[in-house]
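Thanks for coming. I will go through one structure today, region by region, and keep to what the coordinates give us.

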Amino acid sequence: MNAPFPRPGLLDIAAYQPGESTIPGKDRVIKIASNESPLGASPKVSEAVKGGLNKLHLYPEGPATQLRQALATAYGIEAERIQCSNGSEEMLHMLARSYAGPGDEVIYSQYGFLAYPIAIQIAGATAVVVPEKNLHADIDAILAAVTPKTKIVFLANPNNPTGTYLPDAEIRRLHAGLPKGVLLALDEAYAEYATAPDYTSGLELARSADNVVVSRTFSKIYGLAAVRVGWSYCPQNVIDVLIRVRCSFNVNALAQIAACAALADNAHTEAARAHNTLWLPKVSAALAAIGIPVVPSQGNFILAEFKDAADARAADAHLRSDGIIIRPVAGYGLPGYLRITIGTAEENEALISSLTAYKKA
Ligand SMILES: *Cc1c(COP(=O)(O)O)cnc(C)c1O
């Protein structure tokens, strides 16, 4: 061997493929592929970030104290139990590396976020994939998959790419059935969009449990995907670990400023939520009406069901010819489906008319 060799397993990882943002030959595209906010960030964010531009020579405030304080106030939780991260994806990686290693098992659900297997493999642990039932995480099957080697269960609620969710009672049943030494990592990237009456954020459960972490992100409803800010609410024993493993300045200064400004603009967040609550059912109903069933979603996107993989590929090609980029999800084992983000009113109308033309062709 005449080149450095990485740790075993790293070259077996299927590198994450981000959604596309361009189509060759089209200078204007509609990108409704990555669950970004159609309303963008609050205008107050760019104003606030400008205020930070004369301090680029200074290191950020490492523990993101001001942001954690603002989150604590907004959510009625303890600032000392919040850890911020460079997007919530970094949090998944920190948790995987901190609690699992070679010989350990980490469970996630069949159609769970693709970042989970990557984080698990980087940690050197073994991913245990539990089959879903009807595109929903199956609590009994997850509990049955727990072994003495299990260290973490990753569960997104609501889930991406399915858009499905588990009611509070199911999450509590999962937690009650897990050994106390297994960390339950609830990924709530879409919690702010959920409207189901029996959906409850895991923040409440996490308040009194020593093995529950709830992660949130500024990438979705707050419209800050570019600046990379996530956070999690953790028991003190997990905080004690994360403050040691995180990079000293993992959330950059402008990102901290942006997140604080976004969090303070409740009117903008409410507008983003209201836009989704209006358009999610509209787009879902419009697609169903032209013979494209949609999985009921609690997120800011829908999973549209086509006849088969060939039909989904043809629909994707048709959308692209109209300059519309959505997310194929064959990589998730869902080749007959396409994931589509709720866009602006114009984007949603363009999507509906393109798919209507596709169905008529
Ligand atoms: C988008 C998304 C995230 C957020 O990732 P960031 O790193 O915070 O941008 C986390 N989990 C799921 C399931 C997501 O879809």
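Which residue just after helix 4 takes a positive phi? The residue is Gly-124, and its phi is about 90 degrees. Before going further, please keep in mind that this is a predicted model.

Let me stay with helix 4 for a moment. Helix 4 covers residues 115–123, and seven of its nine residues are buried, so the helix is largely enclosed by the rest of the structure. By name, the buried ones are Ala-115, Tyr-116, Pro-117, Ile-118, Ala-119, Ile-120 and Ala-123. What covers them?

Next, the ligand. The space it takes is the largest pocket. Around the ligand we find Gly-87, Ser-88, Glu-89, Phe-113, Asn-160 and Asp-187, along with Ala-189, Tyr-190, Thr-217, Ser-219, Lys-220 and Arg-228. Which helix gives the most to this shell? That is helix 3, with three residues.

Now some polar distances at the ligand. One of its oxygen atoms is 2.7 Å from a polar backbone atom of Ser-88. On the nitrogen side, a ligand nitrogen is 2.6 Å from an N or O atom in the side chain of Asp-187. Thr-217 brings a polar side-chain atom to 2.5 Å from a ligand oxygen. As for area, the ligand taken alone exposes 390 Å², and the protein buries 93% of that.

Two residues of that shell come back when we look at the backbone. As a reminder, most residues other than glycine have a negative phi, and most peptide bonds are trans.

Take Arg-228, one of the residues around the ligand. Its phi is near 65 degrees, a positive value in a residue that is not glycine. Arg-228 lies in the loop between strand 7 (212–217) and strand 8 (230–233). Arg-228 has a relative accessible area of 28%, so it counts as partly exposed.

Then Asn-160, also around the ligand. The peptide bond from Asn-160 to Pro-161 is cis, with omega near 15 degrees. Pro-161 sits in the loop between strand 5 and helix 6. Pro-158 is in the loop between strand 5 and helix 6 (168–177) too, and the bond from Asn-157 to Pro-158 is likewise cis, with omega near -5 degrees.

There is also Ala-64. Although not a glycine, Ala-64 has a positive phi of about 50 degrees. Its place is in the loop between helix 1 (43–51) and helix 2 (65–75). Is Ala-64 buried or exposed? Its relative accessibility is 1%, so Ala-64 counts as buried.

The last stop is Asp-311, in helix 11 (residues 309–321). With 9% relative accessibility, Asp-311 counts as buried. Setting aside residues up to four places away in sequence, Asp-311 touches Phe-306 and Tyr-358. A polar atom of the Asp-311 side chain lies 2.8 Å from the backbone nitrogen of Lys-307. Finally, Gly-336 is 25 residues from Asp-311 along the chain, and their C-alpha atoms are separated by 7.2 Å.

That is the tour. I am happy to go back to any of these places on the screen.

Key
Residues numbered from 1 in each chain as written. Predicted model: local features only at pLDDT ≥ 70, side-chain atom pairs only at ≥ 80, totals over all residues. Heavy atoms only, no water. Buried < 20%, exposed > 50% of the residue type's maximum accessible area, 1.4 Å probe, protein only. Helix = DSSP H or I, 4+ residues; strand = E, 2+ residues; numbered from the N terminus. Near = heavy atom within 4 Å. Polar contact = N/O pair within 3.5 Å; in protein donor to acceptor, adjacent residues only side chain to side chain. Areas by Shrake-Rupley, 256 points an atom, 1.4 Å probe, with all protein chains shown as cover. 1 Å grid on protein atoms, 1.4 Å probe; cavity = no way out; pocket = protein on both sides within 12 Å on 5 of 7 lines; lining within 4 Å. Sits in = over half its atoms within 2 Å of the grid points. Contact = heavy atoms within 4.5 Å.
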